[in-house]
Amino acid sequence: MTNKKITILLATYKGAEYIAEQLDSLLNQTYSNWELIIHDDGSPDETLDIISAYAKTDNRVKILLDTNKHLGACQNFSHLMSANIEGDYVMFCDQDDIWESDKIEKSLNAILSLELTHGINEPLMVYGTYRMINQEGGILYLDSPDYSVKPNLRLLLSQNYIYGCTMIINRRLLTLSSSIPNTAENHDYWICLVALMNNAHIGYIIEPMILYRQHSNNVSGSYTNASFLNRIKRILNDSEVVSIKSRLKMFRSLNERFEGESSHKKLLSSYIENVSKGGWAALLFCVKNGISRRGKLQSILFYFNLWRTPKSIELL
């Protein structure tokens, strides 16, 4: 195992407050054969100074310096995915989390197990879950989210529950996923969709391997945002409707990227056709084809917002 090299991709922007803790957690990994490639998106704070200091003391830390700035998080990761990557496998890193010391070792073992069964030329991905910490780094004594439900297109058409910061992928899936379109909601959602469209072999690690920091800048991933009350509140605004319609653009890009007549392709094309109509056509298609979210409440909210999409189409 020790001859396998891991490439870690880290997209930064205004990360000065937490980036050192994350970098220290990478330096303290039990598995040491890795390279870290960082691209900063034009941070106005001390982020670049901090990562430059680490790069001077450890040659595994590499900074991608160029004029590409203000790309946004998704395109920043896409830019990194096209860099000169030396690793046999690729992991993705968020600037404000903390990795458990054996994260790389466990992730590598898991994907090697998949590779042993399915071969090196097949697209492979392993993902997992996390423990949550507060803004100051204190443990939030909450159950780690259970993301063990095997991803399938019927789930992924309604929501993504696989976080890039828990992923490891092989070179084959990296090649298939690279050059993320501007229509993609984020890099991990796109990679998951590409994996499914290409019948990737996917594994799950049940033990949390990162400390996922909760603060005001990651509202979409905040545990408070997932509360019952906040889910109900989202019925009363148009953000969910806008997300459904906006994701159609990503799904169209996915549909155009991959040819063929597979069952995934047929479902994707039919989803685009029917959900583009909004209203009852969108709702009935998803109910009939079992397209839902994880959990009854989330599915009800999803169906309700499918039904009312025409009312907010002008927002797009």
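## Basis

This is a predicted model in which local features need pLDDT of at least 70, side-chain atom pairs count only at pLDDT 80 or more, and totals for chains, interfaces and linings use all residues. Residues are numbered from 1 along each chain as its sequence is written, and side-chain values use heavy atoms, with hydrogens and water left out.

## The sheet

Seven strands form an open sheet with mixed pairing, in the order S3-S2-S1-S4-S8-S6-S9. Strands (E, at least two residues) and helices (H or I, at least four) are DSSP runs, numbered from the N terminus. Two strands pair if DSSP finds at least two bridges between them. Strand S3 (61-63) and strand S9 (201-205) stand at the edges with a single partner strand each, so one side of each lacks a neighbour in the sheet. The twist averages 20° from one strand to the next.

## Strand S6 and its partners

Strand S6 (residues 124-128) runs antiparallel to strand S8 (residues 168-170), joined by two bridges. Val 126 stands opposite Ile 168 in S8. S6 and S9 run parallel, with five bridges. There, Val 126 stands opposite Gly 203.

Five of the five residues of S6 are buried, meaning under 20% relative accessible area with a 1.4 Å probe, protein chains only. Leu 124, Val 126 and Gly 128 point one way; Met 125 and Tyr 127 point the other way.

## Helices on the sheet

Helix H2 (residues 47-57) lies across S1, S2 and S3, at about 135° to S3. Helix H4 (residues 103-118) packs on the sheet and touches S1, S2, S4, S6, S8 and S9. Its direction makes about 140° with that of S6. Angles run from 0 to 180 degrees between N-to-C directions, and axes are lines fitted to C-alpha atoms, for helices over the stretch in contact. Contact means heavy atoms within 4.5 Å.

## Helix H3

Why is helix H3 (residues 73-81) largely enclosed by the rest of the structure? Eight of its nine residues are buried. Among them are Cys 74, Phe 77, His 79 and Met 81. The cover includes strands S1 (6-12), S2 (34-40) and S4 (89-93), and helices H6 (171-177) and H7 (187-197).

## The H9–H10 pair

The axes of helix H9 (residues 239-257) and helix H10 (residues 263-275) come within 10 Å and cross at roughly 145°. H9 residues in the contact include Leu 248, Phe 251 and Arg 252; H10 residues include Leu 268, Tyr 271 and Ile 272. The contact residues divide into eight nonpolar, two polar and three charged. Here Ala, Val, Leu, Ile, Met, Phe, Trp, Tyr, Cys and Pro count as nonpolar, Asp, Glu, Lys and Arg as charged, and the others, Gly among them, as polar.

How values were computed:
Buried means under 20% relative accessible area, exposed over 50%, partly exposed in between (1.4 Å probe, protein chains only).
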